[in-house]
Amino acid sequence: MTAETTVILGPEYDEPLRQALKTVLDERRASVFDRAWGVAGSQEVTHWQVLVDGEMLTIEAETYVGLSLTGPSGFVEDIAHAVARHYTRSTGMR
């Protein structure tokens, strides 16, 4: 069994970051299997289960936590690096 890890990509409200993640998922022809949204007090959470390249990823956007990826360790790191590259290109930030 592959170890799972969670990576926080950045703030959940960062639209260029969300767009970079969407671009990476689109390029890899990801399929959304489940999505949910909820609010509890001041916390808002959006949750997606996505199949990418044969691997299941959990993506969450949670107030005060950020935009996160959870899944097989090496795969999550690969996706996170791809998102960072797209984000850097689109914003000019390093």
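A helix's expected span is 1.5 Å times one less than its number of residues, and helices (H or I, at least four residues) and strands (E, at least two) are DSSP runs numbered from the N terminus. This is a predicted model, with pLDDT of at least 70 needed for local features and 80 or more for side-chain atom pairs, while totals for chains, interfaces and linings use all residues. Numbering starts from 1 along each chain as its sequence is written, and side-chain values use heavy atoms, leaving out hydrogens and water.

**View 1. Helix H2 from end to end.** H2 covers residues 73–91, and its 19 residues at 1.5 Å each should span 27 Å, which agrees with the 27 Å between its end C-alpha atoms. Just after H2 sits Gly92, with a positive phi of about 75 degrees.

**View 2. Leu9 and its contacts.** Leu9 belongs to strand E1. Leaving aside residues up to four places away in sequence, Leu9 touches Leu17, Leu21, Leu67, Leu69, Ala80 and Val83, where contact means heavy atoms within 4.5 Å.

**View 3. H1 meets H2.** Residues of H1 including Pro16, Leu17 and Val24 meet H2 residues including Ile79, Val83 and Tyr87.
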